Amino acid sequence: NSIFLEKYENEKPKLNLENINFVEQIKDCCELIKPQANEKQQNIIIKKNTTDEIKLNADRKLIEKIIFNI
């Protein structure tokens with residue numbers, strides 16, 4: 001969403017950094033959008049070995065917005 005990115009770049013919001021497991025963050029986001037995907041008869045497939053952990057120091061809400069926009 002270009003409006004979100006433009007607003008983010010112009011306002012420079014304060015980030016709430018925390019250690020997150022990126023794989024779990026992706027799984028959580030997929031669970032949230034699963035009902036909409038089912039309505040559109042679409043499947044969500046994660047091809048990464050989900051037993052691996054990818055740790056990030058990031059803003060959880062910002063990462064969530066980015067994942068939803070993908």
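1. Terms and model. A residue is called buried when its relative accessible area is under 20%, exposed when it is over 50%, and partly exposed in between (1.4 Å probe, protein chains only). This is a predicted model: local features need pLDDT of at least 70, side-chain atom pairs count only at pLDDT 80 or more, and totals for chains, interfaces and linings use all residues. Residues are numbered from 1 along each chain as its sequence is written, and side-chain values use heavy atoms, with hydrogens and water left out.

2. Buried face of H2. In helix H2 the buried residues are Val23, Gln25, Cys29, Cys30 and Ala37. They pack against strand E1 (17–21) and H3. Contact here means heavy atoms within 4.5 Å. Helices (H or I, at least four residues) and strands (E, at least two) are DSSP runs, numbered from the N terminus.

3. Overall layout. The protein has 3 helices and 2 strands. Their order from the N terminus is α-β-α-β-α. Of the 70 residues, 17% are buried. Take the contacts between residues at least 6 apart in sequence: 83% of them join residues at least 24 apart.

4. Total surface. The protein exposes about 6000 Å². Carbon and sulfur atoms supply 50% of that area. Accessible areas come from the Shrake-Rupley method with a 1.4 Å probe; for residues, only the protein chains shown count as cover.

5. Gln25. Leaving aside neighbours within four places in sequence, Gln25 is in contact with Ile20, Arg60, Ile63, Glu64 and Ile67. Take Ile63: it is 38 residues from Gln25 in sequence, yet the C-alpha to C-alpha distance is 8.1 Å.

6. H2 covers residues 22–39. Its 18 residues, at 1.5 Å a residue, should span 26 Å. The end C-alpha atoms are 26 Å apart, which agrees. The expected span is 1.5 Å times one less than the number of residues in the helix. H2 also has a kink of about 50° at Ile33, shortly before the proline Pro35. The bend at a residue is the angle between axes fitted to the seven residues ending there and the seven starting there.

7. A salt bridge is a side-chain nitrogen of Lys or Arg within 4 Å of a carboxyl oxygen of Asp or Glu. By this rule the count comes to 4. Side chains of opposite charge can pair when their charged atoms come close. Glu24 pairs with Lys27, with the closest N and O atoms 3.6 Å apart. Both lie in H2, 3 residues apart, about one turn of the helix. Glu24 is partly exposed because its relative accessibility is 36%. Lys27 is also partly exposed, at 26%. Glu31 forms a salt bridge with Lys34, and here the closest N and O atoms are 3.0 Å apart. Glu31 and Lys34 are separated by about one helical turn because they sit 3 residues apart in H2. Lys34 counts as partly exposed at 36% relative accessibility. An α-helix has 3.6 residues a turn, so residues three or four places apart point the same way.

8. A further salt bridge. Lys55 forms one with Glu53, the closest N and O atoms being 3.7 Å apart. Lys55 and Glu53 are both exposed.

9. The loop between H2 and E2. Ile45 is found in the loop between helix H2 and strand E2 (55–59). Ile45 is exposed because its relative accessible area is 65%. Ile45 and Lys27 are 18 residues apart in sequence and 10.0 Å apart in space, C-alpha to C-alpha. Gln41 is found in this loop too. Which backbone angle of Gln41 is a positive value in a residue other than glycine? Phi is, near 55°. Gln41 counts as exposed, at 74% relative accessibility.

10. Nonpolar patch. Leu32, Ile33, Ile44, Ile46 and Phe68 make a nonpolar surface patch of about 390 Å². Patches are made of residues with over 30% relative accessible area and no salt bridge: like charges are joined within 9 Å, nonpolar side chains (Val, Leu, Ile, Met, Phe, Trp, Tyr) within 5 Å. Phe68 is found in helix H3 (residues 60–69). Phe68 is partly exposed, with a relative accessible area of 34%.
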